Amino acid sequence: MTDTTTPETATPTTATPETAPDPLNGLVRPELLALADYNAGVSLEKMRAELGLDRVVKLDSNENPLSCSPAVGPAMQAVQDRIFRYPDREELRLRAALSRDLGVGPDRLAFTAGSEDLVSILFRMVLRPGDTVLTAVPAFGLYEICAQHASAHTQKVPFNADWSFPVDALIAALADRPRVLVICSPCNPVGAAITLDDLDRLLRAASADTLVVLDEAYVEFMDDATRGQHFERLKAHDGPWMALRTFSKAYGLAGLRIGYGIAHHPALAAAVYKVRSPFNVSATALAGAEAAYGDQDHVAATRDFVAGERDRVAAALRAMGLDPAPSQGNFLFFDCRRPARAVADHLRAQGVLIKPWHEADYRTCARVTIGRAEDNDTFLATLKRVLAEDAL
């Protein structure tokens, strides 16, 4: 007999959670379905619709408060008549500029849809089930998620009480030869940058079996005296390594999705292209990145603005008794001294978005992006009111 029912006319069935059919029919690996969702920022469109507000202060995703270079828009527009063509898979112009400025061969660069995409690609390349990724915590959540994708384990070493890197404990863990060591500097979410001496110590302790990943997504915000020096130390390391950088933060291109890695050897960069999709970086993203990279004055203006506002917001947080960690990023990490989720929810209800941290032992902490001066003022005033509420 032919079934003539439709979704609109069929009689619904009732099933308990225990007897409900699996809509995926076991297709997806169960360990992946069990993963926690990434703690991502919230879109402005969603928040405006949810709250019915015209103005939402979005300080939860470490975006550039000055936007991107004015050169980016015209550069992207200029490629519109060619978007029926596939993009330049060799990224020739941007590759040449970065190669020159970084002092590495062009064949040691690999471009991806943001540096977080490169984390995923690298981990899929090198991790086997049961391998270990070693890092300091609190940490960027995708390190653990991407390790779990590969059925690998993440060994987390807590930062020191003064928010310095736990180098002694990391060195002790390196004796077990983890497959990957991730050093995020400046660290997301803490903001601390590892000292050059401590980086040297870690590199000396890392065996040839350990891939050292230096995540420098926020390197452009670092102090003039040390910016770029960590990469120079990494270049002298004999073992395998890759440095990660992005155009999402200081260059203001978070919506375009483009980042890159610098590898210790051309073979590692070439392996990235075997794993990533063939045309991973769009033509418009590539054009935008070329224009943004060519406007270093805009990057310098962003860095100067963020540094000044970061100091001002940090002083205001200290005045509230909420000592933020020392930061060289475009954000501050502070202890709310109460559940951060509740604080963030109260701020959100008033149109201010920050990111509460979900990692165990840091659930009273939150990260706030350094935004425009008026946004920072709104955040501070709203936070002061929220902390005074009896509900918290």
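## A residue pair in the sheet

Leu134 sits opposite Leu181, a residue of strand S5. This model is predicted. Leu134 and Leu181 face each other where strand S3 (residues 132–137) and strand S5 (residues 180–184) pair. The two strands run in the parallel sense, and their pairing covers 3 bridges.

## The sheet around it

What is the strand order of the open sheet? The order is S2-S8-S7-S6-S5-S3-S4. That makes 7 strands, with mixed pairing. Strand S2 (109–112) and strand S4 (153–158) form the edges. Each of these edge strands pairs on one side only. On average, neighbouring strands of the sheet are turned by 20 degrees against each other, direction ignored.

Strands in a sheet can pair in a parallel or an antiparallel way, through backbone hydrogen bonds.

## A helix across the strands

Helix H6 spans residues 141–149. H6 lies across S3, S4, S5 and strand S6 (211–215). Against S4, helix H6 runs at about 155 degrees.

Helix H13 covers residues 340–349, and helix H14 covers residues 373–388. They pack at an angle of about 120 degrees. Their axes are 10 Å apart. H13 and H14 are therefore oblique to each other. The crossing of H13 past H14 is right-handed.

Which residues of H13 and H14 make the contact? From H13 come Val343, His346 and Leu347. From H14 come Phe379, Thr382, Leu383, Val386 and Leu387. Sorted by class, the contact has 6 nonpolar and 2 polar residues, and no charged ones.

## A buried strand

Is strand S12 (residues 365–369) largely enclosed or open? In S12, 5 of the 5 residues are buried, so the strand is largely enclosed by the rest of the structure. Cys365, Arg367 and Thr369 point one way from S12. Ala366 and Val368 point the other way. Residues on both sides of S12 are buried, Arg367 among them.

## The partners of S12

Strand S9 (residues 331–335) is joined to S12 by 5 bridges. S9 and S12 run antiparallel. Here Phe334 has Ala366 of S12 as its bridge partner.

Strand S11 (residues 355–356) is also joined to S12, by 2 bridges. S11 and S12 run antiparallel too. In this pairing, Pro356 stands opposite Ala366. Ala366 therefore links the two pairings in this account: Phe334 is its bridge partner, Pro356 stands opposite it, and Ala366 is buried, so S12 is enclosed there as elsewhere.

Note on methods
Residues are numbered from 1 along each chain as its sequence is written. This is a predicted model: local features need pLDDT of at least 70, side-chain atom pairs count only at pLDDT 80 or more; totals for chains, interfaces and linings use all residues. Side-chain values use heavy atoms; hydrogens and water are left out. Two strands pair if DSSP finds at least two bridges between them. Helices (H or I, at least four residues) and strands (E, at least two) are DSSP runs, numbered from the N terminus. Axes are lines fitted to C-alpha atoms, for helices over the stretch in contact, and angles run from 0 to 180 degrees between N-to-C directions. Contact means heavy atoms within 4.5 Å. Angles under 35 degrees count as roughly parallel, over 145 as roughly antiparallel, 65 to 115 as roughly perpendicular and the rest as oblique. A crossing is left-handed if the near helix is turned anticlockwise from the far one by less than a right angle, and right-handed if clockwise. Ala, Val, Leu, Ile, Met, Phe, Trp, Tyr, Cys and Pro count as nonpolar, Asp, Glu, Lys and Arg as charged, and the others, Gly among them, as polar. Buried means under 20% relative accessible area, exposed over 50%, partly exposed in between (1.4 Å probe, protein chains only).
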